[in-house]
Amino acid sequence: MIRITVVPGRLAGRVASLAGGWEVAAAPITAGDLGAALCASAQGDIVLFVASEARLPDRLANILVPHDGSPAPALALEAADQLAAGGRAEVVVLHVPGAEMPAEPGSLPAPRMVDHVAYDIPDWREEFGRRFFQRSPGLLRRLDVRVGAVPESILDAARALPADLIVLGWRGVVDQGRAVTLRTVCDSAPCPVLLVAWPGAEPRAPDVAAGATALYP
Amino acid sequence: MNDKIRFPTQGAESPAQGAESPDAFPAPVQDVLWRLEAAGFDRFRERDLESWFAVANGRTGTRGSLEEGSPDSNPATYVAGIYGRRPDDSSGPEPLIGPQWTFLDPRLGDTEVRLEIGEIVEHRRVLDFRQGILFRFWRQRLPSGQEITFRSARFAALHDRQLLVLQADGHCDGTPLAFGADIPLPGGPSLEHAAFTRGRDQVDFELVARKGGRAFFSISTSESRGSLERFAAVARAAPGGQPEGSPTEALARARKAGLTATWEQHRQAWGERWEASDVVVEGDPDAQLALRFALYHLISVGDPETDFASIGARGLTGPGYNGHVFWDTEAFVLPFFLHTHPEVARQLIRYRHRTLPAARARARSLGYAGALFAWESADDGRDCTPPFALTPDHIVTPVLTGREEHHISADVAWATWRYWETTRDEEFLLRVGAEILLETARFWSSRARRGADGCFHIAPVIGPDEYHEGVRDNAYTNELARWNLERGLETAELLSRADSSGWKSLARRLKLEEADLARWQLVADQLTRRCDADTKVYEQFEDYFELEDVNAAELAPRPFAGELVLGRERLQKTQLVKQADVLMLLHMLPSAYPRDVVAANYRYYEPRTSHGSSLSPGVHAVVAARLGLAEEALGYFRMAAAIDLDDRMRNAAFGIHMAAAASLWQTAVLGFGGVTAEADCLRIDPKLPTSWTRLAFPFWWRDNVIRVDADRSEVRIDLRSPADVALGAGSPRRLARGRYRAKFGNGNWSQPEEVETG
C-alpha cells in the first residue's frame with residue numbers, strides 16, 4: 001500500500017479513483033502551491049500536484065515516467081507500475097539524454113557513442129529494460145527517447161501522448177537552484193504530476209574504484 | 001550483499017596466490033596489472049562483466065557468466081564463423097549459441113547453492129590476462145547458516161583451439177558440494193536443429209544453424225568429492241562442408257594429457273603470445289591495465305590456423321552487431337596482429353579473399369565492376385547490413401551504410417598491401433593478395449564517374465563520418481580509392497616483373513587488359529581532391545565547408561552521440577563529425593602526408609568531432625601523439641579505454657569493442673612509440689606523455705622482431721636480425737642484429753649507438 005498525499009478539494013475524489021487501492025490522504029496543501037507540494041514530497045510523501053492549466057483525466061491510459069537512466073527512479077517506476085496495473089494503462093518511460101550523466105553505479109543513460117543505430121539503440125533498449133523493468137514483467141511498457149532540453153521534452157511528450165499522469169521521480173532537494181526540471185514540468189504540465197522523491201538524495205560517486213574512474217579524461 | 005565492483009589495484013588477494021597453488025588448483029597471478037578483478041555482485045552490471053570476463057581462443061568465446069547462472073545473466077558460447085538465420089530472415093545472420101558448457105548446478109544435499117539464496121560472504125572473479133584464465137572465488141552463507149566455499153577456473157585453450165576447460169571445487173565444512181552434469185540444450189530462432197547424445201564418458205551436441213553452418217560439442221565431466229574437471233571439445237562445419245576436426249578425438253587428446261598438462265600447455269601458449277605482443281607502460285598503472293585488458297581480448301580472438309572466420313566487431317565476447325565483420329577488422333584490429341602475430345593477419349586477409357565471389361556479385365548488382373566487399377559480413381561474405389533501423393525516437397529510417405559506405409573495399413586493399421609491405425611474402429601476394437588489390441582497383445575505376453568539370457567523382461557515398469550520407473567526393477573515400485588504384489597498378493607491375501608467367505595467368509583469369517590499367521591510371525590522376533592550398537585542410541566532402549559550423553565541445557561534453565544531442569535532421573546540416581574521417585586518412589597513410597598537412601587538418605577537424613563512435617578516440621590519440629601532442633593524445637587514449645572499462649559508457653554488456661581495444665595498441669605503439677613502417681625502413685620516434693616513465697614493446701616487421709624500450713630521454717632498440725632503421729627525423733641506417741641506444745636532445749633523437757651486437 002502506497003500512501004498518497006493530494007492537494008485537497010475537488011481533486012481528492014478523482015485521484016482516489018485513479019489510484020485504485022492506494023490510501024489517499026488529503027494534505028493541507030493549497031491547490032497549485034508547488035512549494036508546499038515539494039516540501040511534502042521531500043519528506044517522503046508521494047504527492048499529486050495539479051497545475052492550474054492541467055487537464056483532469058477520466059481514466060489512466062498513458063502514464064509518463066521521465067527516467068534519467070539511473071537506478072534512482074525505481075520508486076517512481078514502481079508507483080507508475082502499480083497505477084498501470086490497476087487501470088491497464090501503458091507506462092511510457094521517457095529518457096531525454098542530457099549533458100549530465102547520472103553518477104550512480106548501474107546507470108544506463110542513452111549511449112554516448114552510437115556506432116550503428118540499428119544495433120546500438122536496440123541493444124541499449126534491451127539492457128535498459130533488463131536493468132530497470134525487471135521487477136514487474138508483463139506490464140505494458142515502452143521506452144521513448146526525445147532529443148532536446150529535458151523539461152521541454154517531457155512536456156512535449158506529455159502533450160503528444162497525451163499523458164494522463166506524469167510520475168516524476170526526483171532527488172528531494174528543494175534548495176535554491178535545484179529541481180529545475182521538476183519545477184518547470186509541474187508549472188506547465190498538461191496533466192497531474194505525481195511526485196516521488198527517492199531516498200539518498202545526492203548521487204553517489206561511482207563505486208568502481210578510482211583506477212577506473214581515472215581512465216576517463 | 002556486497003555490490004561493489006572493484007578494480008585489481010584495489011583488489012584483495014586471492015586465497016591461493018600465484019601459479020603454484022599448494023593443491024594443484026590453478027591460481028591467478030599476483031601482479032595486479034595482469035588481472036582484472038570484480039568483487040561482489042551487481043545485478044545492474046552483471047552483463048558488462050560477462051563481456052569483460054569472456055574467455056576465447058579465436059575458435060570459440062564464452063562469456064564470463066556464473067556457472068550456476070542468475071536471472072541477470074546473458075550466458076553464451078559463440079563459435080566463430082557459425083551464423084544462423086531466423087525463419088523469416090528478419091535480422092540477417094546471427095551468431096550461433098553453443099551449449100552452456102560451463103553450467104553447474106551446485107547443491108549441498110538437496111539445497112540449491114546460488115548467489116541470490118542466503119548471503120554472500122565473499123564473491124570475486126579474477127580474469128588473469130597472463131594465463132588467459134577466468135577464476136572465481138565464492139563463499140556463501142546459506143539460509144541454514146552453513147557456509148559454502150566454491151572456486152572455479154576456466155579457459156579456452158590457446159594451444160589446442162578445439163578445447164575448453166573448466167575446473168571447480170566446492171565444500172561446506174568438509175562436506176562436498178554436488179554439481180550435477182546436465183547441460184541444457186541450446187535453442188533460439190536461428191537454430192534449425194539441436195540434439196544431444198549421452199555416451200558412457202561424454203555428451204555430444206550437434207547444432208545446425210538455420211541456413212548456416214554446424215557446430216559440434218563433446219563434453220566430458222568427472223566429479224569426485226566436491227571436485228570437478230570438465231573438458232569440452234568443439235568442431236564446426238561451413239554450410240554443406242565437413243567438420244574441421246573431430247571433437248571426440250580432441251576430447252580424447254585432452255583426457256590423455258590430463259588437466260594439469262593441458263593447463264600448462266595453455267599457459268605456455270599465452271606466454272608466447274605475450275612475449276610477442278605485450279606493451280609495458282610504467283608510471284601510469286591505469287593505462288597499463290587498460291592496455292593489457294585490450295591485448296588480452298585481441299589475443300583471445302585471433303586464430304592463426306584458418307580463414308574460416310574473421311573477427312566480428314565485438315569479437316567473441318557478446319552478441320553486439322550480430323557478430324558481423326566490419327572495416328573495424330582491417331583498419332583497426334589487423335595492424336595489431338600484423339606486427340605481433342602475422343599469421344592471424346594472413347588469415348584475416350584470406351577470409352576476405354574467400355569472400356571475393358560475393359564481393360564481385362555485390363559490385364555487379366550495383367552496376368560496378370571488380371569487388372565491393374560487404375559493409376557487414378558474416379559467414380559467406382554477402383552484405384548483411386540491416387536495411388532499416390528504428391531511431392531512438394521510434395522513427396523507421398533506412399540504413400544507408402550498406403548501400404553507400406564503399407570505402408570497405410579500399411580498407412581491405414589497404415590491409416592487404418600493408419601485409420605485403422610488412423611480410424614481403426611474394427607467394428601470398430601472387431596467390432591471394434593480388435586478386436584483392438586488382439579487383440578492388442577495378443571496382444574504384446568503375447565507381448568513379450567523370451563529371452562535367454572533366455574530373456572523376458565518387459557519389460553518392462558515405463565516409464567514416466556517418467553523420468553525412470549521400471555526399472559527393474568524401475575525402476577519405478576518394479584518397480583511399482586513388483591509393484587503391486595506384487597499388488593495383490603497382491601490383492601489376494611488381495608481378496609482371498617478378499613472376500611473368502604467374503602474372504599472365506592471373507591477368508588472364510581476371511580478364512585484365514592493358515586498357516584496364518590505363519583507365520586506372522587515368523582515374524587515379526583525375527579523381528577529385530579537395531584540399532585548400534592555403535590552409536592545407538581537406539574538405540571532408542563537396543560543400544562541407546558550407547554547412548553550419550559548430551564547436552562540438554560547446555554542444556555537449558564529449559564524447560556524445562550526435563543523433564541524441566542535435567537530432568538526425570539538424571545533424572546533417574552541420575559540420576559536426578562523428579569520428580575521424582579526414583584524420584582517419586592521414587592516420588592510415590602516415591608517410592603520404594607531410595606533418596604540416598596533418599597538423600592543419602587535426603586543428604580543423606578535432607574541435608568539430610563529437611567522438612560519437614568507438615572508432616574515433618583511438619585514431620585521434622594516434623594522430624595527436626604523432627604530432628607530439630602527447631598529453632592530448634593521452635586524453636584520447638583514456639577515452640578509448642573507457643569505452644568498455646568505464647562505468648559511465650554503459651556499452652559493454654553486448655561485448656567488447658575490438659576496434660577500440662586495438663586502437664589502444666595503435667596509440668601506444670604507433671602513436672607514443674612513434675613506429676612507422678615506411679617502404680624502405682622502420683622509423684621510430686617515441687614521444688611519451690609526461691606520466692609515462694617507460695614504454696616497451698615488440699614489433700614484428702619483415703621477419704624481424706624489433707624491441708623498443710623508451711623513456712623520455714633514451715630509446716633502446718633490440719634487433720633480432722639486421723634492419724633498416726631511422727630514428728626521429730633522421731635518415732635510415734642499416735643496423736646489424738644487436739642492441740642499440742639513442743639519446744633525445746635538441747628536439748630529435750641521436751644516431752643509434754651500438755650497445756651489444758650479435
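Some ground rules. Residues are numbered from 1 along each chain as its sequence is written, and chains are lettered from A, with ligands numbered from 1, in the order in which they are written. Because the model is predicted, local features need pLDDT of at least 70, side-chain atom pairs count only at pLDDT 80 or more, and totals for chains, interfaces and linings use all residues.

Chain B to begin. Chain B has 21 helices and 31 strands. Those are DSSP runs, numbered from the N terminus: H or I of at least four residues for helices, E of at least two for strands. The radius of gyration, taken over C-alpha atoms, is 26 Å for chain B; the globule rule gives 27 Å for 758 residues, so chain B is as compact as a globular protein of that length. That rule is 2.2 Å times the number of residues to the power 0.38. The C-alpha box, along the principal axes, is roughly 85 × 60 × 55 Å.

Next, domains, with bounds from an automatic or database domain assignment. Chain B gets domain 1 (8-275), domain 2 (278-672) and domain 3 (694-757). The C-alpha centres of domains 1 and 3 of chain B are 43 Å apart.

Now burial. A residue is buried if 20 or more other C-beta atoms, placed from the backbone, lie within 10 Å of its own; 12 or fewer makes it exposed, and in between is partly exposed. In chain B, 57% of the 758 residues are buried. Look at helix 5 of chain B, residues 328-338: eleven of its eleven residues are buried. Among them are B:Phe332, B:Phe336 and B:Phe337. So what covers this helix? The cover includes helix 4 (285-301), helix 6 (342-354), helix 9 (407-423), helix 17 (582-588) and helix 21 (658-672) of chain B.

On to chain A. Chain A has seven helices and eight strands. Buried residues are 49% of its 217. Contacts here mean C-beta atoms, placed from the backbone, within 7 Å. Of chain A contacts with a separation of 6 or more, 72% join residues 24 or more positions apart.

One helix pair to finish. In chain A, the axes of helix 5 (150-160) and helix 6 (180-188) come within 9 Å and cross at roughly 30°. Axes are lines fitted to C-alpha atoms over the stretch in contact, with angles from 0 to 180 degrees between N-to-C directions. Which residues of chain A make the contact? Helix 5 of chain A gives A:Val150, A:Pro151, A:Ile154 and A:Leu155; helix 6 of chain A gives A:Thr181, A:Thr184, A:Val185 and A:Ser188.

How values were computed. Contact = placed C-beta atoms within 7 Å.
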